Amino acid sequence: MLFDGSCPICTAEINQYKQMAPAGRINWVDVSSDNFVPPLGKSKDVLMQRFHVITPDGTLISGAAAFVHVWEQLPGWRRLAALTKIPGALSVMELGYTSFLKIRPRVQSLFKKRFA
């Protein structure tokens, strides 16, 4: 799982996932780290703009579909992941996620101020 560790919202969410994930099930990769080397010919900037997962077979999944893939790995979240199989559900999630990304910088700023 590729995540933006410089984003306080992202980090909080990932920390929740880490507590639930079975040991060794998910490899957590902070894209914002100075040591990060982008895979699959992608740039670090591109990977920091959206949530991404690389599946065991090397497929890069992005956005709402990446969240669903993670939820499928987490006990207690599999039912939510299953709901995304309802026709149109994933499209609605992607629309919501894309809309959130547009305001993410402002939300991050508020989050940083509140918890500074």
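pLDDT is the predictor's confidence in each residue, on a scale from 0 to 100. The views below are taken from a predicted model.

**Figure 1. Confidence along the protein chain.** The chain has an average pLDDT of 90, and 97% of its residues score at least 70. Among the elements of the protein chain, confidence is highest in H3, with a mean of 95, and lowest in H5, with a mean of 88.

**Figure 2. The salt bridge between Asp4 and Arg104.** The structure holds 3 salt bridges, and this view shows the one formed by Asp4 and Arg104. The closest N and O atoms of the pair are 2.5 Å apart. Asp4 sits in the loop between strand E1 (2–3) and helix H1 (8–20), and Arg104 belongs to helix H5 (residues 89–114), so the pair ties together parts that lie 100 residues apart in sequence. Both Asp4 and Arg104 are buried.

**Figure 3. The salt bridge between Glu94 and Arg50.** Here the closest N and O atoms of Glu94 and Arg50 are 2.6 Å apart. Glu94 is in helix H5, while Arg50 is in the loop between helix H2 (44–49) and strand E3 (52–54), so parts 44 residues apart in sequence are tied together by the pair. Glu94 has a relative accessibility of 22% and therefore counts as partly exposed. Arg50 also counts as partly exposed, because its relative accessibility is 24%, and the class runs between under 20% for buried and over 50% for exposed.

**Figure 4. The salt bridge between Lys85 and Glu72.** The side chains of Lys85 and Glu72 meet at 3.1 Å, N to O. This pair links distant parts of the chain, 13 residues apart: Lys85 is in the loop between helix H4 (78–83) and H5, and Glu72 is in helix H3 (residues 64–73). With a relative accessible area of 55%, Lys85 is exposed. Glu72, at 30%, is partly exposed. Side chains of opposite charge can pair when their charged atoms come close.

**Figure 5. Surroundings of Thr84.** Thr84 is located in the loop between H4 and H5. Its relative accessible area is 8%, so Thr84 is buried. A polar atom of the Thr84 side chain lies 2.5 Å from the backbone oxygen of Ala81. Apart from neighbours within four places in sequence, Thr84 is in contact with Val68, Trp71, Ala89, Leu90 and Met93.

**Figure 6. Val92 in helix H5.** Val92 has its place in helix H5. The relative accessible area of Val92 is 58%, so this residue is exposed. From C-alpha to C-alpha, Val92 and Arg106 are 22 Å apart in space, and they are separated by 14 residues in sequence.

Definitions and conventions: Residues numbered from 1 in each chain as written. Predicted model: local features only at pLDDT ≥ 70, side-chain atom pairs only at ≥ 80, totals over all residues. Heavy atoms only, no water. Salt bridge = Lys/Arg side-chain N within 4 Å of Asp/Glu carboxyl O. Helix = DSSP H or I, 4+ residues; strand = E, 2+ residues; numbered from the N terminus. Buried < 20%, exposed > 50% of the residue type's maximum accessible area, 1.4 Å probe, protein only. Polar contact = N/O pair within 3.5 Å; in protein donor to acceptor, adjacent residues only side chain to side chain. Contact = heavy atoms within 4.5 Å.
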